[in-house]
Amino acid sequence: SMLSRVQNLRLVDLYRHGSESIWVTKGTNVYDITEWVPSHPGGEVILRAAGGSIDPYWKIFSIHQKQDVYDILEQYLIGTIDPKDLVDGQVPSEHVPNPFASDPERDPRLRVHSERPCNAETPVSELGTFITPNDVFYVRNHLWVPDLGKPEDYSLTVELYDGTEKKYTLQDLRDKFHEHTITATLQCSGNRRSHMTANARMTNGLQWEVGAIGNAEWTGVRLRDVLADAGHAVDDVPKEVKHVQFSAVEAYGASIPIAKAADRFGDVLLAYKMNGEALPPDHGFPLRVLVPGNVAARSVKWVNKITLSDEESPSQWQRRDYKCFGPNEGPNPNWDAARSIQEMPVQSAITSLRQVSSHSPQARKWMHVYGLEEDSVLLEGYSFSGGGREIVRVDISADDGRSWHQAELLEAETKGSKAWAWRRWRFIIPNSQAGKVFVVKAVDEAYNTQPDSYEPHFNFRGNLTSGWQRVENKPIP
Ligand code: MTE
Ligand code: MO
């Protein structure tokens with residue numbers, strides 16, 4: 001019987017065995033998973049748990065919390081930890097690995113939604129500038145920040161469709177290719193999800209406000225130049241190649257269509273700088289993909305492998321999480337039938353609302369600039385569209401949508417082939433004409449605009465929330 005194989009094991013045995021065979025604990029049970037590792041759907045990341053507890057990983061990769069996964073593991077049970085080694089019936093905490101040991105310290109101004117993994121948005125008080133400073137740029141990590149060792153040892157592997165591989169160090173990338181800089185906005189597909197929850201129904205996922213978005217200057221080399229060097233002039237890839245897959249050091253992965261990667265005006269970068277500085281650890285140091293105009297989930301941080309394929313990335317972040325479904329579809333949709341999110345729809349938000357009154361010297365200056373005679377309300381915010389589609393208009397209502405005005409679109413210097421950066425806007429209206437509720441909506445160059453309410457584009461994942469934002473006539477922040 002199985003029980004006869006189950007031995008009493010000491011914690012020291014666990015470490016000793018780490019080299020020849022792969023043992024892990026779950027709770028106080030010990031499993032020898034050596035034979036199973038090659039078939040792990042998540043790949044080699046499982047080796048991180050070798051010689052220790054898988055509990056902290058299963059907490060992060062919640063996909064494991066299912067009976068059929070427990071059943072697989074039970075087949076490999078070989079023992080239980082000797083009670084002499086337990087404290088209060090549990091493996092002592094110093095023997096439980098901390099996957100987040102390499103996570104950096106973060107700016108206290110970030111609004112934290114979850115600590116481990118770190119998910120934190122830019123507060124509205126820091127969303128007022130065209131360039132979002134690195135320290136307060138939103139952080140969206142599904143896992144931990146990987147421990148990379150020395151940057152000299154870092155390499156990027158490109159795998160062509162025929163299976164041949166080519167490796168590049170960071171220095172190779174800098175030496176062999178032209179450097180390019182683009183100004184591009186990254187927006188999480190969950191930005192403003194809390195507004196969908198508040199205005200329609202509960203959605204699954206982190207309840208972001210308006211700050212899961214930011215704009216930066218990204219510097220690096222063009223993906224299409226690297227692909228060409230690795231073997232394919234990009235206008236000439238085998239016709240079977242439909243997708244470019246990106247994998248990262250910590251196990252994240254995603255892909256984009258080859259058409260975007262190959263596009264001379266697509267500006268997809270392998271970036272090593274953000275706003276003129278080395279990428280910060282949270283934003284992908286030493287190398288990240290930057291896919292301007294697409295959902296930020298495709299801008300893979302800590303990228304170390306690029307694969308040309310006839311298929312999308314097999315990761316759950318490509319095949320499941322970043323998709324939208326009909327308002328009627330529940331939490332068990334036909335995942336494969338839904339399309340992965342790539343280009344973003346039109347978006348806008350109000351990030352500041354304040355009184356401009358003759359009582360304040362600063363505001364008096366504003367009143368002079370705008371020729372205002374009366375105390376007024378000043379609103380500012382962002383507008384953005386995917387695919388490099390420029391914002392052509394931002395409409396503001398000061399009476400909850402009954403009548404409309406146009407905001408002033410602010411000029412800013414940008415780099416890149418298309419409108420990859422958000423457009424800041426400003427709007428001023430005398431108090432006598434301002435009602436209780438302001439509304440904002442934007443229009444892009446294809447005359448796409450935002451839905452007026454939330455239920456029609458409700459999806460249970462709360463992705464791509466873009467309904468007209470309404471705010472009360474009260475100071476923000
Ligand atoms: N890349 C890796 N390796 N791991 C991740 O968790 N998150 C993605 C994307 N790239 C992620 C990643 C998602 S969903 C978003 S929104 C952006 O990174 C966030 O980028 P930022 O943290 O630099 O703002
Ligand atoms: Mo995201």
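The shell around ligand 1 is made up of 12 nonpolar, 4 polar and 4 charged residues, where Ala, Val, Leu, Ile, Met, Phe, Trp, Tyr, Cys and Pro count as nonpolar, Asp, Glu, Lys and Arg as charged, and the others, Gly among them, as polar. Of the 20 residues around the ligand, H142, C188, A248, Y252 and A296 come nearest; a residue is near a molecule if its C-beta atom, placed from the backbone, lies within 6 Å of it. The model is predicted, with local features needing pLDDT of at least 70 and side-chain atom pairs counting only at pLDDT 80 or more, while totals for chains, interfaces and linings use all residues. Residues are numbered from 1 along each chain as its sequence is written, and chains are lettered from A and ligands numbered from 1 in the order in which they are written.

Strand 12 (residues 243–248) and strand 13 (residues 253–257) run antiparallel and are joined by 5 bridges; strands pair if DSSP finds at least two bridges between them. Helices (H or I, at least four residues) and strands (E, at least two) are DSSP runs, numbered from the N terminus. One of the bridges links F246 to A254 in strand 13. The hairpin has 4 residues between these strands, and A251 takes a positive phi near 110° there. Strand 13 is largely enclosed by the rest of the structure, because 4 of its 5 residues are buried (20 or more other C-beta atoms within 10 Å of the residue's own; exposed means 12 or fewer, and partly exposed in between).

Turning to helix 7 (residues 223–230), L223, R224, V226 and L227 are buried. These residues cover an arc of only 160° around the axis, which puts them on the same side of helix 7; the arc is that of the directions from the helix axis to the C-beta atoms. Their cover includes strand 8 (155–159), strand 11 (213–222), helix 8 (258–262) and strand 14 (269–274), with contact taken as C-beta atoms within 7 Å. Just after the helix, G231 has a positive phi of about 155°.

Elsewhere, 4 strands form an open antiparallel sheet in the order 18-19-23-22. Strand 18 (347–356) and strand 22 (408–409) each have a single partner strand, so one side of each is left without a neighbour in the sheet. Strand 22 is joined to strand 23 (residues 423–430) by 2 bridges, and E408 stands opposite R426.

Definitions and conventions:
Contact = placed C-beta atoms within 7 Å.
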